[in-house]
Amino acid sequence: MILLALATAAQADDRAPTRLKMDSSLLGVKTKIPEDEATYISADSMTSNGAEETTLEGRVELRRQGLRLQSDRVTYSPITDRATAKGNLVIEKENMRLKAPDGDVKVGTGESRLTKPTFELMDIKGKGRADRLQYDGISTLTLENPNYTVCQVPDPAQADKGDWYVTAESLELDQTEEVGRAKGAKVVFKDVPILASPYLSFPTTNRRKSGFLPPSIGTVSNSGLEVTTPYYWNIAPDKDLTLYPTLISGRGAQLGAEARYLTPHQDGNLKFDYLPGDQKTGQDRYAVSVLQNYNQGNYYAGLNLNGVSDDQYFVDFSRTQAVASQRVLLREGYFAYREDNWSASVRAVTHQTLQLFNDIIVEPYDRLPEVAVELNPTKVGAAFVSVSGLYTDFANPTGTPNRVEGSRGVTRARVFMPVNRAQFSFTPALSVQANSYDLRNQATGFGPSASSVVPTASLDGTVYFDRKTTLFGRAVNQSLEPRIFYLYTPFKDQSDQPLFDTTVTDQSLSRIFSENRYAGYDRVADANQLTFAVTSRFSDVTTSEELFSMTAGQRINLKTPRLVLTGLEAPVTSDSDFFLNARGRISKNYVVDATSQFSAESGRHERGNISLGYSPTPGKQLNLGYRYTRNLIDQFDVSGQWPISKKWSGVGRVNYSMLDKRLIEGVAGLEYGEGCWAVRVVAQRFATAPQLQTTSLFLQLELSGLGRIGSNPIELLSRRVPGYTPFASSLTTQ
């Protein structure tokens with residue numbers, strides 16, 4: 001069934017052509033033709049031999065649903081629903097345009113066979129030419145002897161004029177699977193073949209797909225040339241596996257694997273690297289990591305297992321300073337049950353401690369096991385009550401003689417009554433912590449058991465003031481929030497209790513409001529102190545988004561604390577240090593975060609850090625940072641990314657210790673970007689251990705819509721340069 005719109009030849013006086021429409025009633029059709037079955041045709045002339053075949057000539061246009069066909073001459077058969085076109089054939093359907101001298105099309109589906117076609121796939125910017133083309137009418141183009149590119153070219157027929165293109169014996173472009181599959185393929189970049197393969201599979205979008213990934217090539221100072229050819233297996237939407245065999249010129253062949261899975265009740269990540277017979281050490285080298293989480297209803301369980309073959313594994317194989325500095329690897333398993341207001345859990349924890357050269361560290365205790373029960377804050381009348389119980393059996397991981405071991409039970413109860421109003425908040429609290437120990441290998445003079453009960457009382461209050469003002473020309477709400485915190489804990493001698501997990505914490509703005517200046521459960525510090533602080537916040541009038549805040553605070557000891565961790569801290573003075581903090585967006589392009597700590601006793605600057613970020617547009621980023629701790633840290637950190645020209649961009653980072661006169665980490669790179677490709681060269685040098693450094697070189701060619709060839713520095717740059725944007729991506733947003 002068809003509806004026809006016939007156009008007569010234009011009149012001599014150039015008036016618009018007369019349009020004739022054949023009504024369905026003239027064909028004996030009693031019911032209206034459904035829109036998805038109707039075919040609309042226009043042409044300069046039409047001849048027909050009845051219901052079997054119609055020939056259209058001169059500016060032919062045929063439309064049905066989303067299909068549009070144009071040609072000089074079309075023969076259409078209603079019986080087969082096929083149109084045979086000759087001369088300037090154009091087919092348009094769903095962001096796809098095909099052109100050819102002639103071809104055959106099934107109108108209802110768009111199924112086509114074309115000779116000497118050109119094609120454009122607008123969604124993925126793919127374009128090119130071929131000797132022959134078949135379209136299945138759904139999603140897949142099959143091309144013989146094609147040239148294919150996503151680069152800008154004068155015409156799809158000139159795909160080989162693009163900066164890069166793929167040529168092959170055959171190429172299948174599957175728009176549903178978002179993948180290209182080529183046989184006898186060759187990748188040509190700047191007229192130079194850079195990759196040839198009897199079979200090549202590549203994603204046309206960022207969607208995951210199985211197949212070999214582009215090879216990675218790089219150099220590392222302590223290992224030599226590294227070549228990796230990853231294989232990615234997209235097992236299912238919730239499971240995948242990556243194999244990454246690597247040839248290391250200075251060490252041998254390494255096999256790596258990473259498996260990931262995610263289901264409604266569990267997720268996991270398994271990694272394994274194995275290098276048999278390291279040519280430098282003669283050892284088998286490996287690293288393994290297992291992360292597993294399970295959740296069903298109120299039940300939770302998990303594993304976090306990590307291990308390496310030897311103490312220097314990360315020194316030799318890490319590619320970042322953060323990984324190289326790992327010294328304690330966690331091995332943990334847990335099971336928990338949680339309700340709305342209470343929970344119970346049991347876990348076992350062991351460790352692998354890496355001892356590097358002469359830098360020996362104390363191994364943490366294993367916990368075999370640790371059992372916890374906790375009642376979350378629960379309202380009782382006007383107050384809230386929380387109770388927790390913790391039992392831990394601490395085991396010496398190496399069996400070092402004369403190191404105390406044993407079990408510890410901790411019970412902690414807390415009652416607090418918050419009063420919150422628009423103008424103020426007020427929270428009195430009372431807590432009690434009871435510790436009990438059953439010990440082995442206690443030091444001389446101490447018995448096999450110890451216990452303590454220590455109460456704590458606190459009072460925390462804040463007053464709120466606000467007003468409307470401006471900040472850097474922007475209308476804002478400003479708040480002023482003075483806060484006072486009083487804490488009292490009586491002195492209790494706890495020297496007979498070992499230090500299983502307790503350490504001295506660094507002082508900070510948040511810590512001066514804590515009820516215990518120690519981290520861990522083995523000590524409850526005595527205190528009789530007042531803490532004063534004031535915060536001012538600036539928030540957007542319309543969105544209430546906090547833009548900027550400033551805080552100043554100090555804790556004053558009304559009585560000098562008596563409890564001191566011998567060997568870990570100096571005696572505490574009557575006053576704590578004075579703290580200042582400012583953070584937020586000081587203008588559209590600037591972000592700042594600064595903290596300073598001054599000694600209340602000497603007035604000296606004890607600790608501070610400042611970071612300033614400037615980012616006017618994507619691809620333009622500067623970061624300045626400085627960290628200082630008296631006699632321990634004196635470091636500056638400069639990083640950024642900035643266009644050198646329209647197509648060149650520089651990126652880098654320098655983290656330098658002035659105290660040690662040593663480079664902690666340095667990154668320097670250049671990026672060059674065109675519309676459809678980019679190249680990156682990045683060098684990295686970082687400290688892996690005392691007196692040791694590793695240097696790496698990354699070289700990568702990114703072909704948009706095809707993949708990346710070479711070692712991948714993008715992940716490195718994203719971690720080390722805050723605000724980094726791959727240069728090829730930033731070009732498209734400017």
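E94 is exposed, with a relative accessible area of 57%. In this predicted model, E94 sits in the loop between β7 and β8 (96–106). Its backbone stands out too: phi is positive, about 45°, although E94 is not a glycine. N88 also has a positive phi, near 50°, and is likewise a residue other than glycine. N88 belongs to strand β7 (residues 82–92). At 56% relative accessibility, N88 counts as exposed, because the cut-off for that class is over 50%.

R82 pairs with E111, and the closest N and O atoms are 3.6 Å apart. R82 lies in strand β7 and E111 in the loop between β8 and β9 (112–115), so the bridge ties together parts that are 29 residues apart in sequence. E111 has 28% relative accessibility and counts as partly exposed.

How many salt bridges does a search of the whole structure find? The total is 46. D316 and R285 form one, with an N to O distance of 2.9 Å. This pair links distant parts of the chain: D316 is in helix α1 (residues 313–317), R285 is in strand β27 (residues 285–296), and 31 residues separate them. Both D316 and R285 are buried.

R583 and D593 form another, at 3.9 Å from N to O. R583 is in strand β43 (residues 575–585) and D593 in strand β44 (residues 590–598), ten residues apart. R583 is partly exposed at 42% relative accessible area. D593 is partly exposed as well, at 25%. Some salt bridges share partners: E332, R347, R367, E370, R408, D501 and D522 are joined this way into one network.

Next come the rings. The whole structure holds 21 aromatic pairs. In one of them, the centres of the F119 and Y148 rings are 6.4 Å apart and the planes meet at 10°, so the pair is stacked. Stacking here requires planes under 30 degrees apart. F119 is in strand β10 (residues 118–121) and Y148 in strand β14 (residues 147–149), so the pair links parts of the chain 29 residues apart. Elsewhere, ring pairs link F189, W648, Y672 and W677 into a cluster.

Charges also lie over ring faces. R251 sits over the face of F317, at 5.1 Å from the ring centre.

Two prolines deserve a look. P369 is joined to L368 by a cis peptide bond, with omega about -5°. P369 lies in strand β31 (residues 366–380). P490 is in the loop between β38 (474–489) and β39 (503–504). At 25% relative accessibility, P490 counts as partly exposed. Which residues does P490 contact, leaving aside its neighbours within four places in sequence? They are V454, P455 and D526.

Finally, confidence. The chain averages a pLDDT of 87, and 93% of the residues score at least 70. Over residues 1–27, however, the pLDDT is below 50. That stretch still has 37 contacts in the model beyond near neighbours in sequence. Where pLDDT is low, predicted coordinates should not be read in detail.

Terms used. Residues are numbered from 1 along each chain as its sequence is written. This is a predicted model: local features need pLDDT of at least 70, side-chain atom pairs count only at pLDDT 80 or more; totals for chains, interfaces and linings use all residues. Side-chain values use heavy atoms; hydrogens and water are left out. Rings of Phe, Tyr and Trp (its six-membered ring) pair if their centres lie within 6.5 Å; planes under 30 degrees apart count as stacked, over 60 as edge-to-face and the rest as tilted. Helices (H or I, at least four residues) and strands (E, at least two) are DSSP runs, numbered from the N terminus. A charge sits over a ring if NZ of Lys or CZ of Arg is within 6 Å of the ring centre and within 35 degrees of the ring normal. Buried means under 20% relative accessible area, exposed over 50%, partly exposed in between (1.4 Å probe, protein chains only). Contact means heavy atoms within 4.5 Å. pLDDT is the predictor's confidence in each residue, from 0 to 100. A salt bridge is a side-chain nitrogen of Lys or Arg within 4 Å of a carboxyl oxygen of Asp or Glu.
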